[in-house]
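Please keep the structure open beside the text and look up each residue as it is named.

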Amino acid sequence: MVAASLEPAAANKDVDALTALRKGLSDPDGVLTSWDPRLATDPCEWFHVTCDGANRVTRLDLAKHRLSGSLAPELGQLNQLQYMEIFGNNIQGQIPSELGGLTNLVSLDLQDNSISGPIPATLGNIKSLKFLRVSNNRLTGPIPRELAGLPNLRVADFSNNNLCGAIPATGALKSIPPSR
């Protein structure tokens, strides 16, 4: 009975996180029109959102929708999120360090945007991460050595950014090819 009382609060955090993302984005094609808690309070009914059986957000599919603006730090509240696919837009600003709290995340795909600033070292906390794609952005600074400790990382693409320094030559990153 206690678990049932926690689910609405958790779902509300998901709504808050997605609403914060929507407020930070320009959506010229109206793909986020359904993301309005006044019309549908269940984010599982929103387009481009997938949920699990407990109505928790597990996937965001926002690729190639001409979205611009920045990623909201509140995305770090989506603690059941497994796939964040926001590639091929015009997202700007930095990758929020709060994304490092997404402990169930399997795929973070932010390639082909205009994201700038450093890659947050907190992404090294996402032990479930298998796919990290941040190529074709404007990222700067070194690749955090914390990423080398990701035990499940299979694909990492940092190419076509303004990164500097050596790729950490240990752990998960030791077999990453040099940038193109």
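1. A nonpolar core, as the term is used here, is a set of buried Ala, Val, Leu, Ile, Met, Phe, Trp, Tyr and Cys residues that are joined through side-chain atoms within 4.5 Å, and buried means under 20% relative accessible area. Please bear in mind throughout that this is a predicted model. The largest nonpolar core has 47 residues, and among these Leu60 and Met84 touch the most other members. Helix H1 (2–23) and S3 are the elements that give two or more residues to this core, and H1 gives the most, with 5 residues.

2. Which residues is Leu60 in contact with, once its neighbours within four places in sequence are left aside? They include Leu18 and Leu21, then Trp35, His48 and Val49, and also Leu75, Leu78 and Leu81.

3. Of the 180 residues, 46% count as buried. The accessible surface comes to about 8700 Å², and carbon and sulfur atoms account for 51% of that area.

4. On overall dimensions, a compact globule with 180 residues would have a radius of gyration near 16 Å, and the protein chain has 16 Å, so the two agree. The C-alpha atoms fill a box of roughly 50 × 40 × 20 Å when this is taken along the principal axes. Among contacts between residues at least 6 apart in sequence, 48% join residues at least 24 apart.

5. Strand S2 (residues 49–51) and strand S3 (residues 57–61) pair in the antiparallel sense over 3 bridges, and Thr50 has Arg59 in S3 as its bridge partner. The hairpin of S2 and S3 has 5 residues between the strands, and in this hairpin Asn55 takes a positive phi near 60°. S3 also pairs with strand S5 (residues 83–85), here in the parallel sense and again over 3 bridges, with Arg59 standing opposite Tyr83 in S5.

6. An open sheet of 3 strands, with mixed pairing, has the order S1-S4-S6. Its edge strands are strand S1 (25–26) and strand S6 (90–92), each of which pairs on one side only. Strand S4 (residues 68–70) pairs with S6 in the parallel sense over 3 bridges, and Ser68 stands opposite Asn90 in S6.

7. Another open sheet of 3 strands runs in the order S8-S10-S12, and its pairing is parallel. Why is one side of strand S8 (116–117) and of strand S12 (162–163) left without a neighbour in the sheet? These two strands stand at the edges and each has a single partner strand, so one side of each has no neighbour there. S8 is joined to strand S10 (residues 138–141) by 2 bridges, the two running parallel, and the bridge partner of Ser116 in S10 is Arg138.

8. Finally, a point that comes from a record: an unreviewed UniProt entry carries the annotation "domain: Leucine-rich repeat-containing N-terminal plant-type", which covers residues 12–52. In the model, the end C-alpha atoms of residues 12–52 lie 15 Å apart, and the span is 29% helix and 12% strand.

Definitions and conventions: Residues numbered from 1 in each chain as written. Predicted model: local features only at pLDDT ≥ 70, side-chain atom pairs only at ≥ 80, totals over all residues. Heavy atoms only, no water. Pairing = 2+ DSSP bridges. Helix = DSSP H or I, 4+ residues; strand = E, 2+ residues; numbered from the N terminus. UniProt positions renumbered as here; feature names shortened; annotations may be inferred. Rg over C-alpha atoms; globule rule 2.2 N^0.38 Å. Buried < 20%, exposed > 50% of the residue type's maximum accessible area, 1.4 Å probe, protein only. Contact = heavy atoms within 4.5 Å. Areas by Shrake-Rupley, 256 points an atom, 1.4 Å probe, with all protein chains shown as cover.
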